[in-house]
Every structure is written in C-alpha cells, then in structure tokens.
Amino acid sequence: MITPASEKTHIQVWDNCLKVIKDNIPTQSFKTWFVPIQPVRLEKNVLTIQVPSPFFYEWLEEHYINLLKKTIKKELGSDGTLEYTIVVDSAYQNNSPYTVKMPASHRNAISNPPVSMPLNIHSEGNSKEIPNPFVIPGLKKIKVNSQLNDRLNFDNFIEGDCNRLARSAGYAIAEKPGLTAFNPFFLYSHVGLGKTHLSQAIGIHIKNNFPDKTVLYLSAEQFQLQFTDSIVNKNQNDFINFYQMMDVLIIDDIHNLAGKQKTQDVFFHIFNHLHQRSKQIIITSDKAPVELNGIEQRLLSRFKWGLAADLQLPDFETRVAILKKKTYNDGIEMPNDVIDYLAFSITSNIRELEGALNSLIAQSVLNKKSINLDLAKKMIDKIVISNTKEISIDYIQKVVCDYFAISVDDMNSKSRKRDIVQARQLAMYFSKEMTKASLTTIGLQCGNKDHATVLHACRTVTNLLETDRIFKTYHDELVRKIKL
Ligand code: ADP
Ligand code: MG
C-alpha cells in the first residue's frame, strides 16, 4: 500500500526515488550524478533537492529529466513537483568554497587539464542557497548576477567618428548574440575611451531582449582571482563549468592576464567551449591583439577570429555631445559656452572629461557659485597645471616657433609663406605624433584649420623626412627640444 505523500519525509521520498533511479541507469552514472544530491525539504508536494553546482543542474536537465519526472510522480502523485537549490559561495566576497565537491569521474569527463569555476553566481542577500526553481515540466535557468551597471547602456553611449565601427558592430552583436561574424568581439583602446561602457551596453541590451540568456560581465582580474581561489579550494571544475554555461561572456581588460599562464590556459578552454557552441564572447583590451605582450599565441590567434575594433579619441563635437548627455541625465543646466570650453580643453580621454565636469559641478555647489565660464576657466587652469609634464599642442607650437624665430600668431595665420607653412606643418605633425589629440582638435588649435589640412600636413612631413635631408635635421633637432 502507498503511504500518503504527506506522511513521508523528504528523506524517505528521495530514498524511494533513488531506488527507482538506481535500477534504471548505470551504476557509475548513479554514483556520479545522484549520490551527491541531498534532499532538503518536502512541502506541499514539492520536493527540494540540493545539487553541488550549476553544471550539475544542467546535466540533470539534459540527461535525466524524464526519469526524474516519472519517479517524482510515482512518489508524490501527479501534482508532485521537484525543485532544487544549488549550493554556491554567496559571491566572491567571502571566498568560501562550494560545500559539495564535484565527483572525480565527472572532473575527468569535463576537461583536461583540470580547470575551473565561479563565484559570482548571484548575490541575493547573504543566503548560501541559491533557489533554482526547476519545476517539472517547465524548467528555469540558473540565475547569475550579470554585474551590469544600468547606466552603461547604448542610449548613453554617444556615437561619433571615434567609435562608429565598434558601436555598430556592438549593436549588431547585441541584437543577435553569437550569430554574427563578430565572435569574439575584441574591443581595444587607451584608457577612458569607453571599452567598459560599450561592452556593458551590449550585455544590457542582450539581457533586456533575451531574458533567457545568461550574461556575465567581469574583469580579467576578477576572473584571475576566482581561478586562484578555485585552486586553493580545489574546485577548479566547478569554476570551469560555471563559465562554460554562459551564453554571453564579457571579459574586461584582458591585458591584465599577461604573464598569467595558468589563467590563460583555463580561459583558452572556456573560450573554445563557448565558441564552438556559438556563445558570444566579448573581450576588451588596452592594445590590439598584435601588440598584446605576455598573452599566449593560441589565444591571440583566436582573438582575431571575429572582429577587432578600436575606440579612438573623440573629436570636439563628440565631446560636446557626451557632456550634454551627461548634464541632461544628471538634471544639471550648463551654459553652452562652458560645455564648449570643457570639451575644447580636455582632450585626453572621456573619463577625464567627465572628471572635469564633476569637479566643476562640485565647486559650484560647495562655493554656492553658479556655473559659468569664469569658474570653468579657473578650474581648468588648476587641472592643466597639474598635467604640465604632458606634451601639449601649445607647447609644441611654442618650441617650433622659437626654433624658426616666428610668432605663434603668424604660424596660426593663413600665411602661405614657405617658412611659415613649414613650421605649421611640423607643429601639426608633432601634435599628431606626441599628443593624443585628434586631427580635428589639432586643426582647431592650429589656426582653426580642418582635419583634412592636418592630415595633409602630416603626409607632407612624412614625405619630406624621406626625401629632404635638411628638413630631416630640423625635425630631429625639434624632437630633442620638445622632449627636453
Ligand atoms: P575604458 O573602459 O575604455 O577605460 P570607460 O568605458 O570606463 O572607459 O569610459 C570612461 C567614462 O567615459 C565612463 O564614465 C563612460 O560612461 C564614459 N564614456 C565613454 N565613452 C562614451 C561615449 N561614447 N558616450 C558617452 N560616455 C562615454
Ligand atoms: Mg574599462
């Protein structure tokens, strides 16, 4: 006679299920996949079991779902339901290990050399149990804390010549993750030009449009720390299994893995696993793949499989648009001449541009002064003084003019006199070579010329350096003086 479900404990119910399951699958599979499971509770005909890792869940889902369904129904009746929890570290803050280890047989099956997993699964409260409702017949996916910052979305990412290719490729990826030719998407630039923002924007767009996809953003540094932890805690397999479950994996600042051989090996395996399954991989770096030192060749060659796109310094108009968007979002009114002045003065990168804007706002609040051009100029003067070591366009112009004994005004005039044209072209060329300013900015500061004029000047100088020895001497002496 069947005992009513309400009178059985979760342990009895699960034991009975196990008996059936054991008879129906090979002994080794039973030991691997069912022995480590622990029954947790039985409430209202819902049996909750605890599994050691997210990968475990996926495996059960793929291979034993029908068997589980049948046994549960046999034990608990037609409305019997199975739920389970996954025991994970409650994020990597406390670095505590998984409570249940993966069985050895499984470890071998998954990867060789043995590698790794997780952490950052989820961070709701401090609970150590991650409820993963897996309700027969409908199954839900593992919940992962994607580490995405809502502000870093496409709406807030201003488009300009400096980022057009990267942005549109990023958008195409966000619309069809894993299905474009841009896999992996390798995004590179100097610091503060929008790598993190654009890569997060892709992640946010995917999460909004494909709620079922598991998206994870993390820095290469976090990845490396987690990997080291997994070695200490002997749960490398969990580590790798976790990453192999992602639909979209975004790794920021990959250059930080330089020289970290073991972490690179692990990443190599994860990369292959995901790529083979058309999962989207997004990588950012401070250098193009060809210039990345300390990263294994086999990884570098894979980075070139998809699309490598860079982010350039934004031109003046883009800087203005970025400042306007930011002040608008923050609900701050800022006179146009102040915005133009900030955009004109801060050319190094977007983070510094935003920094200048923030200090201006802070000063105005603290001193109870309204934001005007005067306040902006005073503040920028301070910033410029603290940056004197950097070679600026102004400085280059001064050295070049001194050398040729002409005035800066003459150089920036419309004069076509040969010596003035020559000095102007050299100043433009050095500005391009020695500062991070864009052609547009250089033109603007060299007598309001357009970027085509600057480009022409740079080409002329390059040609003359090859053909005119005296000109080459001027150039070499000037380089020494500027760098002095
Ligand atoms: P990186 O990762 O390349 O160092 P970030 O993505 O952190 O740069 O960008 C630095 C700052 O500039 C961030 O606050 C970011 O929101 C902002 N930013 C970068 N690019 C843009 C853009 N195209 N439009 C608006 N803001 C941007
Ligand atoms: Mg960044």
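This is a predicted model: local features need pLDDT of at least 70, side-chain atom pairs count only at pLDDT 80 or more; totals for chains, interfaces and linings use all residues.
Visitor: Is His197 buried or exposed?

Guide: Buried means under 20% relative accessible area. His197 is at 14% relative accessibility, so it counts as buried.

Visitor: Let's zoom out. How many helices and strands does the protein chain have?

Guide: There are 21 helices and nine strands in the protein chain. Of its 484 residues, 50% are buried.

Visitor: Pick two helices for me. At what angle do the axes of H8 and H10 cross?

Guide: The axes of H8 (residues 220–232) and H10 (residues 261–276) cross at roughly 100 degrees and come within 10 Å. Angles of 65 to 115 degrees count as roughly perpendicular, and H8 and H10 are therefore roughly perpendicular to each other.

Visitor: Which residues meet there?

Guide: From H8 you have Phe223, Gln224 and Phe227, and they meet Lys262, Thr263, Val266, Phe267 and Ile270 of H10. That contact is made up of five nonpolar residues, two polar ones and one charged.

Visitor: Now the middle of things. Which residues touch the most other members of the largest nonpolar core?

Guide: That core has 32 residues, and the ones touching the most other members are Phe223, Tyr243, Leu249, Ile254, Phe267, Ile270 and Phe303. Elements giving two or more residues to this core include H8, H10, strand S7 (248–252) and helix H11 (297–303). H10 gives the most, with six residues.

Visitor: Why would they sit together like that?

Guide: In soluble globular proteins, nonpolar side chains tend to be buried together.

Visitor: Tell me about Leu249. What is it in contact with, leaving aside neighbours within four places in sequence?

Guide: The contacts of Leu249 are Leu216, Leu218, Tyr243, Phe267, Ile270, Leu274, Gln280, Ile281 and Ile282. Apart from the core we've been discussing lies another core, of 28 residues, with Cys401, Ala437, Ile442 and Phe471 among them.

Visitor: Switching to rings: how many aromatic pairs are there?

Guide: The count is 18 aromatic pairs. One of them joins Phe223 and Phe267: the ring centres are 5.8 Å apart, with 80 degrees between the planes, and the pair is edge-to-face. Phe223 is in helix H8 and Phe267 is in helix H10, so this pair ties together parts that are 44 residues apart in sequence.

Visitor: What are the relative accessible areas of Phe223 and Phe267?

Guide: Phe223 is buried at 0%, and Phe267 is buried at 1%.

Visitor: How about Tyr403 and Phe404, what kind of aromatic pair do they form?

Guide: Theirs is edge-to-face, at 5.1 Å centre to centre and 85 degrees between the planes. Tyr403 is partly exposed, with a relative accessible area of 23%, whereas Phe404 counts as buried at 17%.

Visitor: Last one: which residues form an aromatic cluster with Phe223?

Guide: Phe186, Tyr188, Phe227, Phe239, Phe242, Tyr243, Phe267, Phe271, Phe303 and Trp305 form one aromatic cluster with Phe223.

Conventions:
Residues are numbered from 1 along each chain as its sequence is written. Chains are lettered from A and ligands numbered from 1 in the order in which they are written. Side-chain values use heavy atoms; hydrogens and water are left out. Axes are lines fitted to C-alpha atoms, for helices over the stretch in contact, and angles run from 0 to 180 degrees between N-to-C directions. Helices (H or I, at least four residues) and strands (E, at least two) are DSSP runs, numbered from the N terminus. Angles under 35 degrees count as roughly parallel, over 145 as roughly antiparallel, 65 to 115 as roughly perpendicular and the rest as oblique. Contact means heavy atoms within 4.5 Å. Ala, Val, Leu, Ile, Met, Phe, Trp, Tyr, Cys and Pro count as nonpolar, Asp, Glu, Lys and Arg as charged, and the others, Gly among them, as polar. A nonpolar core is a set of buried Ala, Val, Leu, Ile, Met, Phe, Trp, Tyr and Cys residues joined through side-chain atoms within 4.5 Å. Buried means under 20% relative accessible area, exposed over 50%, partly exposed in between (1.4 Å probe, protein chains only). Rings of Phe, Tyr and Trp (its six-membered ring) pair if their centres lie within 6.5 Å; planes under 30 degrees apart count as stacked, over 60 as edge-to-face and the rest as tilted.
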